[in-house]
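Trainee: Could we go through this structure together? I should like to start with the helix packing.

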Amino acid sequence: VKHLLSVTDLDAAVATGLLDTSDRLKQALLGREVRKLPTLRGRTIITMFYEDSTRTRVSFEIAGKWMSADTVNVSAKGSSVSKGESLRDTSLTLSAMGADCVVVRHPASGAAHRIAGWADRDHGSTGTHTSIVNAGDGTHEHPTQALLDAATLRDRLGGVAGRRIGIVGDVLHSRVARSNVFLLATLGAEVVVVAPPTLLPVGIDQWPCRVSPELDAELPALDAVMMLRVQAERMHGSFFPSAREYALGYGLSEPRAAQLPEHAVVLHPGPMVRGMEIAPKVADSASSAILAQVANGVHVRMAVLYHLLAGAPE
Amino acid sequence: MSDLLISNARPYGGDAVDLVVRDGVVTDIGTGLSAPDGAQTLDAAGCVLLPGFVDLHTHLREPGGEESEDIGTGSAAAALGGFTAVFAMPNTDPVADTAVVVEHVHRRGAEVGLVDVHPVGAVTVGLEGGKMAELGTMARSRAQVRMFSDDGRCVHDPLIMRRALEYASALGVVIAQHAEDHRLTEGAQAHEGVVASRLGLAGWPATAEETIVARDCALAREAKAALHVCHVSSARTIEVLRAAKAAGVRVSAEVTPHHLLLTDSALTGYDPVNKVNPPLRTAADTRAMRAALADGVIDVVATDHAPHAAQYKDTEWAAAKPGMLGLQTALSVLVHTMVEPGLLDWRGVARVLSERPAEITGLPDQGRPIAVGEPATFALVDPDGVWTVRGAKLASRASNTPYEGMRLPATVVATVLRGRVTARSDSGAGIGTARSDSGAGIGTARSDSGAGIGTARDGEVRS
C-alpha cells in the first residue's frame, strides 16, 4: 500500500494486519514512561490541514512523534494557500522538501486522490516518493477514523465480524459514515444505517448495509451504535425541521440508550453536540467508548504510518 | 477564387460522384468531370461527403478567456472537426449582451475566416437573470444574432423567461435554455446517483433539468415562441420533450457527444477533465439520448465545446471549472455511438450535425442539400479512418478532452466553406491519396486564396 486514500484500498487481510499492528504498538507502549519507538527515525511527516481539526491532526502528530519521525504541521491559514497557491503547487512543494508522507485534510472530496496522483506523476521532479494519507476529504472518506473505530470495536466486542453495528445520523454529508460502512462490511460486520430520508445518500441501497428509518426498532439488537455529528449548517438546509425534532427522532437519549443490550458499545467520532445527537450522560456512561476511540486513534495512525513508510511488519 | 473540383466523393455515403464548384457554388455533379481552369482539386478517394457541420453550442472564450481559447484556435478546431458554422456562447468577459460585443465576435470570426462564427447573445444583462438584454438591437446588428442564451446559467425567473420568449417570437429568433433549477443544484458537483454518493460529491439531480424543461415548454406553448433546450442529459427530460412536441410546442433540443458516450463511472479517479455541466449521467441516460436522437425527439448534436486552460482543471474536483473540448471529436463520437450501432445513417448524420441546426437558427446557406446551385459547404469524412485522441495535438489552446487516448472511428479529411478548403487532415489513408493525387491543386488553392479572408491570417489548418 503506497497511499491510504479510501477504505476500499484495504481488503480484509490488509485491514486486519493494520489493526494487529496497532494492537502490538499499543502493547509495546503500555505502561512506558518514555513513549518513543525508533521505527520512523529520520522520516518526515507533514500534516496539511485545510479544515479545522483538533483530534485528527494532533493524533497524527503524536503518532509520528512516538515513532521518532519528524512531524511538521501546515495549516491553510498562514501558508501560501492564503496567497492563492493551488493545491497541486502546495502539495508538490511539500514533496520537494522531502516529505515522506503528507497527511491531508481538505474540504473537497477527492483532494487526497488528486494529491496522490500528482505526487506519483511528478516524483521525478520532486525527488521524493511521497505517501499520501487521507485524513478526511470533503464528504468522501476518513479512513483512519474507520480503522480506529474498528480497533475500538475489536477491543470492546472481541471482534467485528458478525457484529451488528448501527450508524445513526447525517450519513449524506458524513465521510466517517462512508468509511465505516465500507470498512466494517469488509471486516464482516452487519451494518445498519438509521437516518431521516433527507440525510441518506441516493443509491445507499447499493451499499453493503441495511437502511432503517426507526432507531427504536434497531437498538435492542445492536452490538454497537455510532452516532454521527450533525453540523450546524444542516439546520438551515431544510434537511429536518428543527434540532429538537431531530433529537426526538434520532438522538441517543438516556431512555434510548437503555434499550441497547448490556454489552453494546456507544461510539461517536467527535466533536459531539451534547444534547442533540447524544445525551451527556450517555456520552459519559460505561458503554461509551468515545475516549477509547481517541486513544486508539494514535495507535491506529502509528500503524498506518508504519505500514506506508516502513512496509508491513512480518 | 473558390473554384474547386471534388472528385470521387460519396454524398451521404451514396455513389461516388465528382462535383464542380465555381465561386463557392456547386455548378455540376456527375462522373468524369474535369476541373475548371485554375481550380483546386480535391480527390475525395471515396470518402463520404456531407453538408458542413453546424454547432449550436460552442465556447470560443474570446473576449476575455484567451488563455483557454480564442476565435482563431477555436475556429481551427471547428474546421478540423468538419464544422462550417459555430454558435459562440455569450459567457465571455465582457458578456455578449450588447451589439458592440456580438459585432466584435462576429467580425473576429470573419477575419479568421475558417468557419462562420455566429455570436449567441445573452438573454439577460450580464447573464444575471434579472433584466432582459437588448435582443432586438443584437438581432438587427451586423452580427444578426439568431439565438439567445444565458448558457452556463439558467434563465431561472419564470417571468423573465416568459417575457424573453414572447419578445423573441417577434424577432424570429430562438431562446436557448440551459435547463437547471439552481435551487436543486446548490453546490452540485456530479450527477446525483450511486457514483456521486460513494465519492462524496454533491448531487445534480436530473429533476433539476426536467422541471425547467417542462416549465419552459409550457411557457413557449403559450407564447407560440421557439425554445431550444441545450445539452439534454436526463432520460426523463426526453419524455417531457416528446410530450411537448406531440402537443405542437415549437421546441428543439440538442445532445452533446459526451452525453451520448460517457457516464458518471468516469468520475471515480476524481479527474476534473470529466467534470461538465450538466454532468455525465448513467448508462441508461446515454441509451435514452441515443434513442431520442435516432427518433428525432432530440433534434441535433451540439458540442458544448468548453476549453479550459490547465490551471482550471489541474485542481481538486470542486475547484475545477466544468466543461470539455468537443469540436474535433464530435463526428467520431457520433459515428461510434450512433452510426456503428446502426442507429443513424449518413443522411441522419447530415440531419443532426448540419441540416437541423441550420434550420433551427434560420441560417440560409448552411445545412443545404448537396446539389447544383447550392453552396459548396461540406465536410469530407473518411468512414474507415481510425485515430487516437491526444489533447495536446488538438487545435484548441486548451487540451481538456475527456477522450484522451481513446481510439475513435471516422476522420474528417477536409472541410470546405463556400468552395474554400478550410481544413485538411494529414492523417488517414484517404487524405494521403487525395494529397498525392492533387498535390499541385492544393498548392494552387493555398496560394490562390492567399489574399482571401482565411488563408491570409490563419491559412489552411492542418492537424
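Mentor: A definition comes first: a crossing is left-handed if the near helix is turned anticlockwise from the far one by less than a right angle, and right-handed if clockwise. Please also keep in mind that this is a predicted model.

Trainee: Then which hand is the crossing of α1(B) and α2(B)?

Mentor: The crossing in which α1(B) passes α2(B) is right-handed. Helix α1 covers residues 71-80 of chain B, and its packing angle with α2(B) is about 60 degrees, with the axes 10 Å apart.

Trainee: And what does that angle make α1(B) relative to α2(B)?

Mentor: The angle makes α1(B) oblique to α2(B). On the α1(B) side, B:I71, B:G72 and B:S75 make the contact, and on the α2(B) side B:V105, B:R108, B:G109 and B:V112 do. By class, that contact has three nonpolar, three polar and one charged residues.

Trainee: Which residues of α2(B) are buried?

Mentor: They are B:A99, B:V101, B:V102, B:V105, B:R108, B:G109 and B:V112.

Trainee: How far apart are the end C-alpha atoms of α2(B), and what should the helix span?

Mentor: Helix α2 of chain B has 14 residues, 99-112, and at 1.5 Å a residue these should span 20 Å; the end C-alpha atoms are 20 Å apart, so the two values agree. The helix is followed by B:G113, with a positive phi near 75 degrees.

Trainee: Moving along chain B, how do α10(B) and α11(B) pack?

Mentor: Helix α10 (residues 330-339) and helix α11 (residues 346-361) of chain B pack at about 130 degrees, and their axes are 11 Å apart. That makes α10(B) oblique to α11(B). Their crossing is right-handed.

Trainee: Which residues meet there?

Mentor: From α10(B), B:L331, B:L334, B:V335 and B:V339 meet B:W346, B:V349, B:V352 and B:L353 of α11(B). By class, this contact has eight nonpolar residues, with no polar and no charged ones.

Trainee: Changing topic to chain A: is A:I167 buried or exposed?

Mentor: A:I167 has a relative accessible area of 0%, and because buried means under 20%, this residue counts as buried. A:I167 lies in strand β5, residues 164-168 of chain A.

Trainee: What is A:I167 in contact with, leaving aside neighbours within four places in sequence?

Mentor: Its contacts are A:A177, A:N180, A:V181, A:V191, A:V192, A:V193, A:V194, A:M226 and A:L228.

Trainee: And how far is A:I167 from A:A195?

Mentor: A:I167 and A:A195 are 28 residues apart in sequence, and their C-alpha atoms are 8.4 Å apart in space.

Note on methods
Residues numbered from 1 in each chain as written. Chains lettered and ligands numbered in written order. Predicted model: local features only at pLDDT ≥ 70, side-chain atom pairs only at ≥ 80, totals over all residues. Heavy atoms only, no water. Axes fitted to C-alpha atoms, helices over the stretch in contact; angles between N-to-C directions. Helix = DSSP H or I, 4+ residues; strand = E, 2+ residues; numbered from the N terminus. Parallel < 35°, antiparallel > 145°, perpendicular 65-115°, else oblique. Contact = heavy atoms within 4.5 Å. Nonpolar A, V, L, I, M, F, W, Y, C, P; charged D, E, K, R; others polar. Expected span 1.5 Å × (residues − 1). Buried < 20%, exposed > 50% of the residue type's maximum accessible area, 1.4 Å probe, protein only.
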